[in-house]
Amino acid sequence: MKRSGIAPGALPLLGHALPLWRRPLEFLSELPDHGDLVELRLGPKRAYIACDPETTRQMLLQPRIFDKGGPLFETARRLVGNGLVASLWEEHRRQRRMVQPSFHQARMPKYAELMLKEIDQELASWAPGHTVDILQAMHDLTLRIAARTMFSSLISDETATKVQEFMPVILRGVYVRTVAPVDWLHKLPTAANRRYDYASAGMKHVITQMINDHHRSGTDRGDLLSMLMSARDGEDGDRLSDEEIHNQVMTLIVGGTETTGNATASALQMLALNPDVERRMHTEVDEVLGGRQPSFEDLPRLDYCYRVLYETLRLRPPVWLVTRTTTRDTELAGRQLRSGTTLFYSPYLLHLNPDLFPEPERFDPDRWLPGRNVDLPPGAMLPFGLGSRKCIGDKFGLAEITLTLAAIASRWQLRIVPGEPTKTRTAPEMTLGTGPLTMVVERRVSTRPTTGGPSESAPPPSRGCPYSRTDESQG
């Protein structure tokens, strides 16, 4: 029988804003002790967080009742407009139909080709013995990949610098407005509020400029923006308006850079902290690639690389806290909820639950070997969400990060500079990552000779690897 409870420690006016601000991950990890659905206070308002897989799954598989909403999406909607991430159920169905073809499996080889050009350019800039801020490097790389695949040409250096300046400010501001949804507080002329307003306006200007440039050229470049401009709804034949295109582009840039860059940096940190795992991945990369650059066709054979990535997404999911809102009076985990109630779910809370994952703090890619998770309840592993609102770019992101890890492993070995932090960053931001991470790059030579194609001795594709399938079913 499901239990509902109340989180302790709420303060007058602030509610649980302080623990969500000062120690959010520890606070979340304590909540399952109080029930399967736990009441929180966000300022003066009540909210609830799902603390077990079944309750979370029930919420995510009923999107008409538990729709996108709550302070997270209200704040996100001001930033990205009514795009895929923030749109409500009915509008989301229409948008998803029109945007989904851009991420069809048949388009992935071309995307991978563009990804690899940017990956190769980044790695060619490294030198033995030099130090690299890996988080910044991976954010820059994912931004360039997003630009390539969405706009067919690189964002200018000046624009890229602006976006790198804007994104951390925006994401921190969104988080603050989520845990403390007090409108007047965020309208005060403080330095933080001014920075957030400036960054939000700057991002909107960048995207508007790209769309206008595309209109002026009138050329179908075969990129994502061209597809959005030519997309038609299969049911009524409608096109996306310029405002809708702006919202989708804004959504995909925000969603496709910060989270992917954080996940890549986290995986590289985990490899450096776990030498045995790193050696096994190097062995696989040498077997499959033999010293050459990876390709899309290699992905099904890079099974251990994929498991390293998936375990990273378990231990450090970039999207770690998400909100929903009820569209009508309903019941969840035995608790009656009024229409308009804010709910949360947290992949981090689930992924670090010792009742679901033994020794949850241990980095163990072999958790994801076929047959190892037969008792794992559905909804326990949710790096991309679940149901009709699951991340539209999940396979894109998995392919991008796996290719990046394999390309790095075939040429370089990374070492954490002594004194650098090795714990999960707990600062209040919308995505979870390493924080600034300085690493030393050292040249690595493959143990197998370079080949012209996939290695004949490479291991066969694993059933646990998603790249050769058209539907990602894990989670």
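# Buried cysteines, loops and paired strands

User: Is Cys-51 buried or exposed in this structure?

Analyst: A residue is called buried under 20% relative accessible area, exposed over 50%, and partly exposed in between, using a 1.4 Å probe and protein chains only. Because Cys-51 has a relative accessibility of 3%, it counts as buried.

User: How is the model described, and what is the mean pLDDT of the protein chain?

Analyst: This is a predicted model in which local features need pLDDT of at least 70, side-chain atom pairs count only at pLDDT 80 or more, and totals for chains, interfaces and linings use all residues. Residues are numbered from 1 along each chain as its sequence is written, and side-chain values use heavy atoms, with hydrogens and water left out. The pLDDT is the predictor's confidence in each residue, on a scale from 0 to 100. In the protein chain 87% of residues reach 70 or more, and the mean pLDDT is 84.

User: How many contacts beyond four places in sequence does the model have for residues 469-475?

Analyst: Contact here means heavy atoms within 4.5 Å. Over residues 469-475 the pLDDT stays under 50, so a careful reader keeps that confidence in mind; the number of such contacts in the model is 23.

User: How many disulfides are there by the rule used here?

Analyst: A disulfide is counted when a pair of cysteine sulfur atoms lies within 2.5 Å. Cys-305, at 0% relative accessibility, is buried, but by the rule for disulfides the count comes to zero.

User: Which elements do the buried residues of α5 pack against?

Analyst: Helices (H or I, at least four residues) and strands (E, at least two) are DSSP runs, numbered from the N terminus. Helix α5 covers residues 89-99, and its buried residues include Trp-89, His-92, Gln-95 and Met-98. The elements that the buried residues of α5 pack against are β4 (66-68), α10 (224-230) and α11 (242-273).

User: Where does Leu-13, which has a positive phi, lie?

Analyst: Most residues other than glycine have a negative phi. Leu-13 is not a glycine, yet its phi is positive at about 70°. With 73% relative accessibility, Leu-13 counts as exposed, and its place is the loop between β1 (4-6) and α1 (17-22).

User: Which residues are in contact with Ala-7, leaving aside its neighbours within four places in sequence?

Analyst: Ala-7 is found in the loop between β1 and α1, where its relative accessible area of 4% makes it buried. From C-alpha to C-alpha, Ala-7 and Gly-35 are 9.0 Å apart in space, although 28 residues separate them in sequence. With those neighbours left aside, the residues in contact with Ala-7 are His-16, Phe-27, Leu-31, Val-38, Glu-39 and Leu-40.

User: What share of the 475 residues in the protein chain is buried?

Analyst: The protein chain has 15 helices and 11 strands. Of its contacts between residues at least 6 apart in sequence, 75% join residues at least 24 apart. Among the 475 residues, the buried share is 58%.
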